[in-house]
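This report walks through a protein structure, one topic at a time. Please keep the sequence and the 3D view at hand while reading.

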Amino acid sequence: MEHAIIKAACAIGAGICMGIGAIGPGIGEGIAVSKALEGMARQPEATSTLRTNMLLGCAVAETTGIYSLVIAFVIMFGIN
Amino acid sequence: MNVSVNGAYIYFYIPIFGGIPVTQTTLSLLLVTVFLSITGYFLGRNLQKRPGKLQVLVEKAVTMLRTLVVETMGEHNVAWTPFIGTLFLSSICGSLISMLGFFRSTTADLSVTLTWALMVSAIIWYNSIKRNGFLGWLKGFTEPVAVMTPMNLISEVAQPVSMAFRHFGNVAGGGVITSILYTALSAASTILIGLISGTWIVPAVVLALGAGLFFLGKKRKKTALWIIGIVLAVLGLLGLLEFSGLLTGVPILEFGIPAVLSLYFDLFSGFIQAFVFSLLSMVYISGACPPPEETTA
């Protein structure tokens, strides 16, 4: 019986962890991409540098999202 | 229907130091290293004045890498190009090796990415100690004001941890998501086939419908129509086979979809993570090695 409760708690925990963990990077990357697009619109010849820096910024902003993803996986698959 | 998500499978233990496990990651890491050193050796072997096609390509790649390093780290740090190039190539090949099917990508194992991150941190500490002495390095932690010391210490630890976890999380997470989807698709395809193979009439009708659509599409030259015709015909055929018990459990849904997903997870995010990892290492290392004239001033 306890095992079932643990598994249920794990599932709920992982869901919440990933859900909340995805809010921050989502907003952050949205802002980054919108600013980069504005820059590209204003200065089309700088598109290539803007694009690489935008991708890098998004990858770095995703870190906390990836942390919560890893923790969610640990909760889901690590605990039995 | 449980998803089998596990770390690197341990092949055997080397009995020294209490058993060092040799895992899938070690195998693919060894393969990547051997592959890169052999290609590196053969590419750089006979460099002529008038370069052949291959040499021009390799020179272009090396020059691009060199300009990237010079742009990010400054002219005086150009000696770091081989290190950054190795980091970048081994990270890309490490992530992409899992697309060969049998192997597990090296970067999907924390021990690999953490080692790289700690290597970069060791370089940073060594350089800053060499430049302004051990005490100078310690004093560096109380840089702007003494109360900042704990913050500086945390950020010093957070650097390698965040670099390692970012790369590891992306590649390993992608692998887990693909395997979860794979299991879900296999269940969906068995349900789909089971649904229509209750009696032999339904699959026969689906087969007939599929064939009809196929010929209609061919005649009317509407590609979408005859593709749907083929899909339905195959589905009907599989339903019949399932009902007759000749060929059961054919995974049709798992055919195309995971490949598209792994295209994003393995290829795109593997490349982006390799680029982010090397660029951040360049930025951190250049922070620890300022231009020479600055130190003497």
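## A charge over a ring

In chain B, the charged end of B:Lys218 sits over the ring of B:Trp226, at 3.9 Å from the ring centre. The model is a predicted one, and the values below are computed from it.

B:Lys221 belongs to the loop between helix 6 (201–220) and helix 7 (223–244) of chain B. Its phi is positive, about 60°, although B:Lys221 is not a glycine. Is B:Lys221 buried or exposed? With 67% relative accessibility, B:Lys221 counts as exposed, because the cut-off for that class is over 50%.

## Aromatic pairs in chain B

Over all chains, the count of aromatic pairs comes to 14. One of them joins B:Phe88 and B:Phe271: the ring centres are 5.9 Å apart and the planes stand at 80°, so the pair is edge-to-face. An angle over 60 degrees is what puts a pair in that class. This pair links distant parts of the chain, since B:Phe88 is in helix 3 (residues 81–96) of chain B and B:Phe271 is in helix 8 (residues 257–288) of chain B, 183 residues apart. B:Phe88 is buried, with a relative accessible area of 17%, whereas B:Phe271 counts as partly exposed at 45% relative accessibility.

A second pair is formed by B:Trp137 and B:Phe141, which are also edge-to-face, with 5.4 Å from centre to centre and 65° between the planes. Both residues of this pair, B:Trp137 and B:Phe141, lie in helix 4 (residues 110–141) of chain B, where they are four residues apart, or about one turn of the helix. B:Trp137 and B:Phe141 are both buried. Ring pairs also tie B:Trp137 and B:Phe141 into a cluster with B:Trp125 and B:Phe134.

## Helix 4 of chain B and its partners

How do helix 4 of chain B and helix 8 of chain B pack, and at what angle? Their angle is about 15°, and their axes are 8 Å apart. Helix 4 and helix 8 of chain B are therefore roughly parallel to each other, and their crossing is right-handed. Residues of helix 4 of chain B that take part in the contact include B:Thr113, B:Trp116, B:Val120 and B:Arg131, and among those they meet in helix 8 of chain B are B:Phe277, B:Tyr284 and B:Ala288.

Helix 4 of chain B also packs with helix 5 (residues 149–196) of chain B, at an angle of about 155° and with the axes 7 Å apart. That angle makes helix 4 of chain B roughly antiparallel to helix 5 of chain B. The crossing of helix 4 and helix 5 of chain B is right-handed. On the helix 4 side of chain B, the contact includes B:Leu110, B:Leu114, B:Ser121 and B:Phe141, and on the helix 5 side of chain B it includes B:Thr149, B:Glu156, B:Pro160 and B:Phe168. B:Trp116 of helix 4 is listed in the contact with helix 8 of chain B and also in the contact with helix 5 of chain B.

## Two buried residues in chain B

B:Ser105 is found in the loop between helix 3 and helix 4 of chain B. Its relative accessible area is 6%, so B:Ser105 is buried. Leaving aside residues up to four places away in sequence, B:Ser105 touches B:Gly94, B:Ser95, B:Ile97, B:Ser98 and B:Val171.

B:Gly236 is part of helix 7 of chain B. At 0% relative accessibility, B:Gly236 counts as buried. Again not counting residues up to four places away in sequence, B:Gly236 touches B:Pro203, B:Val206 and B:Leu207. B:Gly236 and B:Gly210 are 26 residues apart in sequence, while their C-alpha atoms are 7.7 Å apart in space.

## Helix 1 of chain A

In chain A, helix 1 and helix 3 (residues 63–78) pack at an angle of about 175°, and their axes are 8 Å apart. That makes helix 1 of chain A roughly antiparallel to helix 3 of chain A. The residues of helix 1 of chain A in this contact include A:Lys7, A:Cys10, A:Cys17 and A:Pro25, and they meet residues of helix 3 of chain A including A:Thr64, A:Leu69 and A:Met76.

Helix 1 (residues 2–42) of chain A also holds A:Gly30. A:Gly30 counts as partly exposed, at 37% relative accessibility. From C-alpha to C-alpha, A:Gly30 and A:Cys58 are 8.7 Å apart in space, and in sequence they are 28 residues apart.

Notes
Residues numbered from 1 in each chain as written. Chains lettered and ligands numbered in written order. Predicted model: local features only at pLDDT ≥ 70, side-chain atom pairs only at ≥ 80, totals over all residues. Heavy atoms only, no water. Buried < 20%, exposed > 50% of the residue type's maximum accessible area, 1.4 Å probe, protein only. Phe/Tyr/Trp six-rings, centres within 6.5 Å; stacked < 30°, edge-to-face > 60°. Lys NZ or Arg CZ within 6 Å of the ring centre and 35° of its normal. Axes fitted to C-alpha atoms, helices over the stretch in contact; angles between N-to-C directions. Parallel < 35°, antiparallel > 145°, perpendicular 65-115°, else oblique. Left-handed = near helix turned anticlockwise from the far one by under 90°. Contact = heavy atoms within 4.5 Å.
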